[in-house]
Amino acid sequence: MAIAFTFPGQGSQSVGMGKDLADAFPEARRVFDEVDEALGEKLSSLIWEGPEETLTLTANAQPALMAVSLAAIMALESRGFSLKDKVAYVAGHSLGEYSALAAAGFVSVADAARLLRIRGNAMQSAVPVGEGAMAAIIGLDQDGVEAACKEAGQGAVCQIANDNGGGQLVISGSKAAVERAAALCTKKGAKRALMLQVSAPFHSALMQPAADAMRAALAEVKKNAPVVPVVSNVSVTPTTDPETIAARLVEQVTGRVRWRETVEWFGANGVTTLYEVGAGKVLSGLARRIDRDIATANVGSPADVDAALAALG
C-alpha cells in the first residue's frame, strides 16, 4: 500500500493557480514570497493576475508551476504531514521533476526557482523561433512512431520527446522533419497527428545548449540527498544520490520523458495511489489510462489538502 507523489509539467498552468492555497496557509504564501525573492520579481502577481500569455512563456511557467506544487506541499506539512514518513516515491513530468526534488529536499525552493528560470530561458534560446516543432501522435505504437521519425529525419533531428501513455506520444525536432513525421504517422494509422503550439522543440537533441547550461547551473547549487527516492524521467529508476540526480536532470533536457513507463513502474513496485501535487489534473488523467489499478488524487486546493490529510493520516 505505497503512495507516490507526482508533480505536473508545462501545460498545467493557469492564471490564479495557487492563490487559494496562499490565502489559506501562511506557509504556502511563504513559498511564493521565496520564489519572488529568488527571481527578483513578483512572479506571484503574474501567477495570480496574468496575463495568461506572459505566464505561459517557458521561463515563467516553469518556476510558477514549481511554486504552486511546493505551496501545496508546505500546506500539507504545516498540518503535520511528513513526506518522508508517508510517501514511498516522488516523480515529476519534465520540469515537475524539479518540483518533486525540491519537495524532497534535494534543493531549496529558491534554488529550484532559479534553476527553472535558467532552464526555461536556455530551452527557449537553444533554437531560433520557427526552426523547431513538436507534434502529438495519438493511436500509433512506439515502434511505428520511431520508424516515422527515422524515415522523416533525412539528416535532421526528429525523435520521440514524451511517452505520455494512453496512446499519446509527442515527437520533437526540426520543424520540417517533424511535419514530415506527423504526416507519415497518419499514413501508418495514427488516429491523429497534431502540431503543438509550443515555442521550442523540447526534449530533443536540439536542446543540447540548454543541457550544457543546466550542467553548469546544477554544479553551482547545494544538493542534498532527497528524503524520498525520485524516479527519474530518463531512466525510470529511483535514486537518492545527488550526483546521479543532477546528471539525469541534464540528460532530461535532450532526453525522452518516459511517463508511461514511470506509472507502470509505480504499479509494478507496490504503489496503490498517485497524488498529483500542484496545478491541474493532467497526470491523474494519464495515470488512469496507463494503469486502472492505481488510484489517483489531487492536492491543488485547500479542500484537497484536507482530503489528503484525512486519507494519509
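**Entry 1. Second largest pocket**

I began with the lining of the second largest pocket: seven nonpolar residues, four polar and one charged. I counted Ala, Val, Leu, Ile, Met, Phe, Trp, Tyr, Cys and Pro as nonpolar, Asp, Glu, Lys and Arg as charged, and the others, including Gly, as polar. The model is predicted: local features need pLDDT of at least 70, side-chain atom pairs count only at pLDDT 80 or more, and totals for chains, interfaces and linings use all residues. Residues are numbered from 1 along each chain as its sequence is written, and side-chain values use heavy atoms, without hydrogens and water.

I noted a volume of about 150 Å³ for this second pocket. Its lining includes Val129, Gly130, Lys175 and Met195. Leu196, Gln197, Val198, Ser199 and Ala200 are also among the lining residues. Strand E3 gives the largest share, three residues. Helices (H or I, at least four residues) and strands (E, at least two) are DSSP runs, numbered from the N terminus.

My pocket rule: on a 1 Å grid over the protein atoms alone, a pocket is an open set of points with protein on both sides within 12 Å along at least five of seven lines. A cavity is a set where a 1.4 Å probe fits but cannot get out, and lining residues have an atom within 4 Å of a point. Points join across faces, edges and corners, and a volume is the space filled by probe spheres set on them.

**Entry 2. Largest pocket**

I then turned to the largest pocket, with a volume of about 790 Å³. It is lined by 30 residues. Gln10, Gly11, Leu196, Val198 and Phe202 lie nearest its centre. Leu196 and Val198 also line the second largest pocket. H5, H8, E3 (132–138), E4 (158–165), E5 (168–174) and H14 (282–290) each supply at least two lining residues.

**Entry 3. Cavity**

How many cavities of 30 Å³ or more are there? I found one. The largest cavity holds about 40 Å³ of space. Thr6, Trp259, Val263, Leu274, Glu276, Leu283, Ser284, Ala287 and Thr296 line it. H13 (259–268), E9 (271–277) and H14 each supply at least two. H14 gives the most, three residues.

**Entry 4. Helix H8**

I checked the length of H8, residues 109–125. Its 17 residues should span 24 Å at 1.5 Å a residue, and the end C-alpha atoms are 24 Å apart, so the two agree. The expected span is 1.5 Å times one less than the number of residues.

H8 is mostly covered, with 12 of its 17 residues buried. Buried means under 20% relative accessible area, exposed over 50%, partly exposed in between (1.4 Å probe, protein chains only). Asp111, Arg117 and Arg119 are among the buried residues of H8. Others include Val109, Leu115, Leu116 and Met123. I asked which elements the buried residues of H8 pack against. They are H2 (26–39), H3, H5 (58–78), H7, H11 (208–220) and H12 (242–254), by contact (heavy atoms within 4.5 Å).

**Entry 5. Cores**

I looked up the largest nonpolar core next. It has 78 residues, and Phe5, Leu83 and Val90 have the most contacts inside it. H5 gives the most to this core, 11 residues. A second, separate core of 19 residues includes Ala152, Cys158, Leu169 and Cys185. A nonpolar core is a set of buried Ala, Val, Leu, Ile, Met, Phe, Trp, Tyr and Cys residues joined through side-chain atoms within 4.5 Å.

I listed what Phe5 touches, not counting residues up to four places away in sequence. Leu83 and Val90 are on the list, along with Ile73, Leu76, Phe81, Val87 and Tyr89. Ala91, Tyr275, Val277 and Leu312 are there too.

I found a cis peptide bond from Gly50 to Pro51, with omega near 10 degrees. Pro51 is in the loop between H3 (43–49) and H4 (52–55).

Ser94 has a positive phi near 60 degrees and is not glycine. I placed Ser94 in the loop between E2 (89–92) and H7 (96–103). Ser94 counts as buried because its relative accessibility is 11%.

Val236 is also a non-glycine residue with positive phi, near 50 degrees. Val236 is in the loop between E7 (230–231) and E8 (238–239). Is Val236 buried or exposed? Buried, at 9% relative accessibility.

Last, I looked at Ser44, in H3. Ser44 is buried, with a relative accessible area of 3%. Leaving aside neighbours within four places in sequence, Ser44 is in contact with Phe32 and Asp36.
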